[in-house]
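Hi everyone, thanks for coming. Let's bring the model up on the screen and walk through a few of its local features together.

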Amino acid sequence: MLRLLKNRRVLTAAAVIGGLLAVALWPTTTPVDESTVSRGPLLVTIDEEGTTRVRDRFVISAPVAGRVLRIELEPGDPVKRGQVIARVRAEAPPLLDARTRAEAEAAVESARAALGRARAEEQRAKASLAQARRELERVRGLARENVITRQEVDLREADAEVAEESANAAGFAVRAATSELQRAEARLAPTTSDVPGRIVAVAAPADGVVLKRVRESETVVPAGDPLLETGDPRRLEIVADLLSTDAVRVKPDAKAIIEQWGGDKKLDAKVRRIEPAGFTKISALGVEEQRVNVVLDFADPAVAWAALGDAYRVEVRIVTWEAAELLKVPTSALARDGEKWAVWVMDAGRAHRAIVELGHQTGQEAEVISGLSAGTHVILHPGDTLAEGARVQARTSQP
């Protein structure tokens with residue numbers, strides 16, 4: 001009886017141990033995410049941020065140096081061609097310090113002396129001219145009586161002409177010296193704070209709205225200083241700076257999709273121009289990148305993007321290749337197998353590796369040329385521990 005009890009205990013212990021070993025060694029089922037190979041359209045795009053800008057922008061600057069009067073126009077106000085949008089008043093000359101005033105007074109005295117010298121030269125030239133004319137009349141009288149030769153008369157006529165030109169030159173020198181004196185005296189003229197009649201009106205070059213008011217309050221500006229920016233917001237374009245390696249894949253008239261612009265629907269656009277010159281831009285990671293500006297036009301009616309304005313941010317997707325229908329697989333199902341691509345296929349609860357040949361790819365989908373068929377279930381994000389023939393089960397989505 002005792003031996004029978006011992007045998008039962010041994011058998012029970014062996015059964016428990018065997019059951020535990022069976023449970024431990026029993027193949028487990030791995031939950032995985034799965035998707036289906038399908039047929040449908042595929043777009044290969046270059047995605048980049050872009051900004052809108054007014055196509056014809058006018059930067060209105062001060063035509064002369066002076067004090068710009070307060071600009072009452074606000075950003076968004078409409079303007080018409082020829083409308084006065086700013087006024088610039090000539091500024092009074094600055095006050096002279098002691099040193100500058102002393103230099104100006106010395107310049108006035110020098111100009112007065114030069115004028116006196118020029119007037120003296122003028123009187124001397126006039127006297128010489130009068131003497132030359134008297135000599136000429138006397139010689140002509142002697143020539144009529146055949147006392148002197150004709151050559152002597154010609155010499156006296158030449159002397160009279162030279163004297164006349166010298167008198168004219170002396171008169172011009174007096175005028176120049178008078179002007180120099182007036183200019184020197186103008187520097188010493190008293191400064192007035194008000195210069196009436198010296199206001200220059202600045203007109204709008206074209207119809208549009210005020211985009212930006214650079215100067216608002218009354219202030220002194222140099223010639224060429226910007227005052228306002230105007231343009232027509234109904235003529236918008238989009239500018240996206242692409243990497244130069246991406247820009248060479250873009251062609252004029254290429255289709256583009258505008259997303260994340262704030263509206264409910266996507267917008268259609270078309271590439272108008274790829275600028276021929278690139279530029280260097282520092283990325284957020286501090287890396288120098290060669291960028292190229294690509295300019296796009298909206299293809300939708302203006303009413304579809306009427307809410308957009310100048311310098312608004314948008315997401316641009318430029319289409320470089322597209323197909324209406326082809327076999328495609330999610331890129332998250334792809335894995336490298338040496339130099340080839342592979343996917344894990346779910347078949348009857350088992351995982352099997354399949355080598356595939358791919359064509360065009362995007363960030364979400366890839367074209368399947370061979371290796372898969374429509375309707376095949378593939379495993380997404382396959383792990384390194386997944387083995388051939390492993391038991392797998394599609395993970396149920398949580399509500």
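Let me start with a question: is Trp-305 buried or exposed? Trp-305 counts as buried, because its relative accessibility is 7%, and buried here means under 20% relative accessible area, with over 50% called exposed and partly exposed in between, using a 1.4 Å probe and protein chains only.

Before I go on, a word on the ground rules. This is a predicted model, so local features need pLDDT of at least 70 and side-chain atom pairs count only at pLDDT 80 or more, while totals for chains, interfaces and linings use all residues. Residues are numbered from 1 along each chain as its sequence is written, and side-chain values use heavy atoms, with hydrogens and water left out.

Back to the tryptophan. A search of the whole structure turns up 1 aromatic pair. Phe-298 and Trp-305 make up that pair, and they are stacked, at 4.5 Å centre to centre with 15° between the planes. For the cut-offs, rings of Phe, Tyr and Trp (its six-membered ring) pair if their centres lie within 6.5 Å, and planes under 30 degrees apart count as stacked, over 60 as edge-to-face and the rest as tilted. Phe-298 is buried too, at 13% relative accessible area.

Another ring worth a look is Trp-341. The charged end of Arg-336 sits over the ring of Trp-341, 4.3 Å from its centre; the criterion is NZ of Lys or CZ of Arg within 6 Å of the ring centre and within 35 degrees of the ring normal.

Now the sheets. Strands are DSSP runs of E, at least two residues, numbered from the N terminus, and two of them pair if DSSP finds at least two bridges between them.

Last stop: Glu-259, which lies in strand E12 (255–259). At 16% relative accessibility, Glu-259 is buried. Its side chain makes a polar contact of 3.2 Å with that of Arg-317; that term covers N or O atoms within 3.5 Å, where within protein one must be able to donate a hydrogen and the other to accept it, and residues adjacent in sequence count only if both atoms are side-chain atoms.

Key: Helices (H or I, at least four residues) and strands (E, at least two) are DSSP runs, numbered from the N terminus.
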